[in-house]
Structures are given as structure tokens and as C-alpha cells.
Amino acid sequence: MKRLFLCIMAMVSMLSLTAQNVFESEVMNTIMARRSVRKYLDKPVEHEKLEAIAQAGINAPSARNWQYWAVRIIEDQKLIADVSEVYKQANPEAVSREPGFKNMFRGAPNLICVCAPKDGGFDLDAGLMGENMMLAAQSLGLGTCIQTGPVRFLLANEKAKSFLERLDIPEGYKLLYVIAVGYPDEKPDAKPRDASKVKFIK
């Protein structure tokens, strides 16, 4: 009798969850609230929060759990400032178009650099890791913006070599993208999403 009662209660709980609005879940709320942030406060992110973000990243799924990725989290403000000075000298026009230019990473006080094998075979895994970290940052009250433009500059400009050297990228790996992270100084509206891209096959 007790077992039957427990089964009935479990079924009732499942029905309640099914009827509940799926967008009320904490995870769904975090996903829907995330925006690409391009303006940040002059306030470095606490080390503990950066550690939590890193943990979220390395707990992303990867092919056969090989974890073919490498993450470098930049807390050194001088390192960011120095490479941004190199960027300013090389791109004065671009800098002039950005009022209140702080650094080449949209003014973010901290950076997350994600690296993957050069052959490109594990870029998907690195992408999954990045999404985990951005959602974790969102849940901690932080803003993020994934960036590839700075990567092209870092790889092409010889004077930026010292920045890459500080990353200590493993042999056979490449810098794939950078995530700007910090306390947001803006609240961007959500951009339209094209639901027609989704089809349900029944």
C-alpha cells in the first residue's frame, strides 16, 4: 500500500512539473537573460567568481571526455593595458570610433582565453565550454561577450606576441576565441530570434 501511495505521489509530481511553465526554471531564466555586453564598469571580477566560471567551463561535455581545451583567465590589468596600447597604435581610426576607449576588449576588466587543438577537430568542445562559462557568469551577475576580432589581431601583429607568450598556450594548440567578462555597464535588449529555423519532426 505504501509503495502504491509513493507511486501515485511521484506521478502527481511529474504531472505538476509538466504543467509548469518551462521558462520558470532557473536555467531557462539564465539563458533568456544573457546578452552580449560591450560596456563594463571599471571593476575587476573577484577571483572567486572567475574560479567558479572556470569550473563551469571544464564541466562542459567533450568528445569521449578528452577535454582537449585549455583556458587562460586574465586578471593582470597591465597585460590588458599593454596589448591595448599596441592595438591603439595599429588601429587609430577604429579607436577613435569608440568613445571612451578603455581597451581592445570592449573595456572588459577580465578576459577568458579559450584554446583548442590547431587541427580544428575539437572546436565544438571548446564552444560548449564557452557557453557554460558565459551562462555561469550571467548567473553571477556578470556580463560577457565572445570575441574573435581581437584574436585575429593578436595573431597578426608581431608586437602583440608578448601577450600570447604570457598565455602559455600548449604545443599544438591555438587561441580560438576570447570572452570579455566583467560587471555590465549597459542592459542591451534582446535581439529577435528566428523560430522558423526550428522544425519538429513527428
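I looked up leucine 111 first. Leaving out residues up to four places away in sequence, Leu111 touches Arg72, Ile73, Ile74, Ile80, Phe105, Phe163, Val178, Ile179, Ala180 and Val181; contact means heavy atoms within 4.5 Å.

I note that the model is predicted: local features need pLDDT of at least 70, side-chain atom pairs count only at pLDDT 80 or more, and totals for chains, interfaces and linings use all residues. Numbering runs from 1 along each chain as its sequence is written, and side-chain values use heavy atoms, without hydrogens and water.

Next, the cores. A nonpolar core is a set of buried Ala, Val, Leu, Ile, Met, Phe, Trp, Tyr and Cys residues joined through side-chain atoms within 4.5 Å; buried is under 20% relative accessible area (1.4 Å probe, protein chains only). The largest has 29 residues, and Phe105, Leu111, Phe163 and Leu175 have the most contacts inside it. Elements giving two or more residues to this core include strand E1 (70-74), helix H4 (77-90) and strand E2 (110-117). H4 gives the most, with 5 residues. Helices (H or I, at least four residues) and strands (E, at least two) are DSSP runs, numbered from the N terminus. I found a second, separate core of 21 residues, including Met134 and Tyr177.

Then H6, residues 123-139. Its buried residues include Met129, Met133 and Met134. Among the elements covering the buried residues of H6 are helix H2 (26-33) and helix H3 (47-58). Glycine 141 follows H6, with a positive phi near 80°.

Last, asparagine 157. Asn157 lies in the loop between H7 and H8. Asn157 is buried, at 18% relative accessible area. Beyond neighbours within four places in sequence, Asn157 contacts Val86 and Ala90.

Note on methods: Buried means under 20% relative accessible area, exposed over 50%, partly exposed in between (1.4 Å probe, protein chains only).
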